[in-house]
Structures are given as structure tokens and as C-alpha cells.
Amino acid sequence: MIGLHSIEDFGEMELDALKELGNIGVGKAATSLSQMLGRRIEMSVPEAVIVKIPELHKYINAEEMVAGVVTGLEDIENGHSGFLYITFPEKSSKKLAEILLGDSSDEEMVDSTLMEIGNILSSSFCDAAAEMLGIVLLPTPPSFGRDFAIAVIDAVVSQLAEKSDYVVIFETKLEESENEIEALVMLIPNEKFVSYILKLLGMVE
Amino acid sequence: MGSEILVGIGEFRVAKGAVLKTIGLGSCVGIALYDPKLRLGGLAHVMLPQSGNGTKRSAKYADHAVEMMTEAMERLGSDRKRIVAKMAGGAQIFKHMTMDMLRIGDRNAEAIRTILRDYGIRIVSEDLGGDEGRTVYFFTNDGRMLVKYSRGGELWI
């Protein structure tokens with residue numbers, strides 16, 4: 001039986017477990033994106049960090065304008081498990097629409113395209129993570145907003161702030177080889193889910 | 001103009017003369033309290049409308065933030081009767097939203113109005129709601145608040 005870890009007490013083991021899961025999930029998501037675009041997509045060296053919420057602006061580029069897709073993660077056993085947050089800088093969101101739609105002038109169309117990409121990325125992420133852990137992990141339909149990177153996510157962070165003053169974030173960047181497209185993928189699990197991952201990975205008896 | 005002090009998410013700061021700044025308010029609300037006589041002001045970046053039973057005191061909750069900021073100002077010689085409030089934020093950033101719990105901006109704004117009323121603190125101006133993120137600057141030397149919108153444009157309140 002494992003006790004509920006609180007995020008501020010997480011150590012290397014918890015962060016490694018999160019990295020392992022994140023790597024597999026985002027790896028699969030990168031493959032899906034690459035197939036969809038017909039271009040090679042590379043994944044940066046991921047980071048897993050514990051961030052004190054008041055210092056989030058040091059970690060998320062707070063005032064950068066992004067197109068952001070947020071999905072909730074639900075695992076069958078524990079219910080709500082956390083969030084996946086994918087952001088596209090303005091330039092990349094335009095470029096993605098140009099590749100997929102041939103033109104980026106209709107903002108509504110661009111928005112739905114980005115949501116659909118977010119949908120595909122989060123589904124791939126959940127598939128791979130679920131397969132690795134032997135669980136059922138489902139993404140909720142995506143929510144979408146275009147604003148300051150921190151303003152898009154603050155409703156989600158508020159949700160997590162009810163339980164803790166800290167969030168744990170797994171973050172990696174997806175980059176297309178010609179540097180025209182980039183996306184930031186963040187996995188923000190709740191503490192229950194990280195404890196569950198640890199148990200499933202056999203890192204805790 | 002005084003120096004600039006950054007207020008993080010869920011924090012508050014009180015200052016005399018300095019410019020208090022908080023960035024990237026989405027559903028969160030920036031609450032400023034001001035004592036015009038002492039030219040003393042405070043700014044909080046609140047995330048949640050109401051603390052629960054037995055929760056640790058934290059400025060992330062609107063009720064605690066108002067309480068803590070008022071107390072801090074009183075310690076510096078302020079009188080609650082003189083304190084007035086300004087606030088900005090509480091937007092609905094998501095254009096497409098599937099999770100109802102993310103609709104927190106309106107709840108924040110409503111809760112803060114009630115709390116301030118209970119404290120007898122008058123709201124002199126506000127810029128709440130809408131669908132745009134905000135960065136706010138609160139000038140504690142004269143009580144003005146500058147709201148900058150994510151898509152450009154600004155407003156003095």
C-alpha cells in the first residue's frame with residue numbers, strides 16, 4: 001500500500017516515473033503528428049519539474065501568445081488524473097494550418113484544425129501511456145483558447161491549486177526539422193495519478 | 001515612478017510607492033486595495049473564489065487574499081474604513097470548452113464582490129469578464145490601475 005504523496009515531497013523517483021510515461025506518450029504523439037504532416041518531427045530532451053504555483057511564470061513563458069489545447073485525462077480506475085496542455089506559438093499555428101488546409105486566412109478553420117491536432121496528439125498520448133501501464137486512459141474532448149500561455153492554463157492550475165501549492169509538470173518540445181513548426185507539450189498530472197504510475201511501474205511495492 | 005514588484009499567481013504584495021504588477025490573468029482576478037490617505041496599496045492574484053473548511057491561509061483564495069491584504073495594510077497604519085478596491089480579470093479564455101469546471105472566471109468575480117461587501121470595502125472600478133487575458137499594473141503612489149490586454153490595447157481603471 002502506498003501513501004498519497006504530496007507533490008512538494010516528490011523526489012527523483014516520482015519525476016523519473018513521470019518522465020518515463022511522458023516520453024512514451026509524447027513519442028507516440030510525435031509520430032502521429034509526423035504522419036499527419038508528412039514531415040519529420042523531433043522531440044526535445046524532456047524535463048520533469050516540480051513548480052511552486054506562484055513561480056509558474058518563471059517556467060511557462062507567461063506573456064507569450066499561444067494557441068492552446070487543454071484536455072483532461074481520465075483513467076478508469078481513479079477517474080480524473082490530470083491534464084495535457086499543448087501550446088503552439090502564433091507562427092507555428094499559422095504554418096500548421098497552411099500545411100493542412102493550404103491557407104490560414106479563416107481563423108475559425110485554423111482553430112478547429114488546431115483543436116483536431118490537439119485531439120489527435122492527446123489520443124495518441126493516452127493510447128501509448130495506457131498501453132505501457134496496462135490501464136484505460138481517455139482524453140476528454142479538447143478545450144481551446146488563444147491567449148497568453150499562462151492565461152489559457154490558469155483555470156486548470158486553479159483546479160489543481162485546491163489540492164496543492166505545487167504542480168508537477170512534464171514538458172517537452174516537438175520540433176519539425178525545418179524549424180517551421182513547434183509545439184510544447186505539458187503533462188500536468190494530479191498527485192494521485194503520479195502515485196498510481198509509480199505503483200504500476202513497480203517502482204513502489 | 002517607483003520600482004516594479006511582481007506578484008505571482010496566488011500571492012499578494014503590499015507596497016508604498018512601488019508599482020505592483022501581475023501577469024497573464026485569465027480566469028484569475030487581480031484585486032487591488034488602496035488607502036488614499038497613506039498612499040498605500042496592495043495587489044493580489046487570486047485563483048479560487050472561496051477557501052474550504054480548515055484550508056491553510058493562502059492568498060490563492062479570494063476571501064483569504066482580502067483578509068490578509070487588509071491586515072497587512074492595517075499593520076502599516078491603514079484604517080479599513082478608508083480602503084477602496086479595484087479589480088480586473090475573470091475572463092473566459094476558452095473559445096471552445098468541454099470541461100465545465102474551467103468556467104471559473106465568473107465565479108471568482110462574484111465571490112470577490114460578496115467578500116468586499118462583507119468587509120465594507122467599496123469597489124471604485126473594475127474590468128471583469130470578457131474573453132481576453134490581462135496583465136495589470138497597480139500604481140501605489142496614486143491608486144491607478146493599468147490593464148493591458150493580451151491582444152493589445154490597454155485601459156486605465
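User: How many cavities of 30 Å³ or more does the count come to?

Analyst: The model is a predicted one. A cavity is here a set of points where a 1.4 Å probe fits but cannot get out, and by this rule the count of those of 30 Å³ or more comes to 1.

User: Which helix gives the most to the lining of the largest cavity?

Analyst: The largest cavity, with a volume of about 40 Å³, is lined by residues of chain A, including Ala151(A) and Asp154(A), and by residues of chain B, including Gln92(B) and Phe94(B). By class, the lining divides into 7 nonpolar, 3 polar and 1 charged residues. The element that gives the most to this lining, with 4 residues, is helix α5 (residues 149–161) of chain A.

User: What is the area buried between chain A and chain B?

Analyst: The contact draws 36 residues from chain A and 34 residues from chain B. Carbon and sulfur atoms give 62% of the buried area, which is about 2,700 Å².

User: Which element supplies the largest share of the side of chain A that touches chain B?

Analyst: Across this interface the rule finds 4 salt bridges, and the side chains of Lys95(B) and Asp111(A) meet in a salt bridge at 2.4 Å, N to O. On the side of chain A that touches chain B, at least two residues each come from α2 (56–59), β3 (65–75), α4 (107–133), β6 (143–148) and α5 of chain A. The largest share, 10 residues, comes from α5(A).

How values were computed. Residues are numbered from 1 along each chain as its sequence is written. Chains are lettered from A and ligands numbered from 1 in the order in which they are written. This is a predicted model: local features need pLDDT of at least 70, side-chain atom pairs count only at pLDDT 80 or more; totals for chains, interfaces and linings use all residues. Side-chain values use heavy atoms; hydrogens and water are left out. On a 1 Å grid over the protein atoms alone, a cavity is a set of points where a 1.4 Å probe fits but cannot get out, and a pocket is an open set with protein on both sides within 12 Å along at least five of seven lines; lining residues have an atom within 4 Å of a point. Grid points are joined across faces, edges and corners, and a volume is the space filled by probe spheres set on the points. Ala, Val, Leu, Ile, Met, Phe, Trp, Tyr, Cys and Pro count as nonpolar, Asp, Glu, Lys and Arg as charged, and the others, Gly among them, as polar. Contact means heavy atoms within 4.5 Å. Buried area is the accessible area (1.4 Å probe) that two parts lose on being put together, summed over both.
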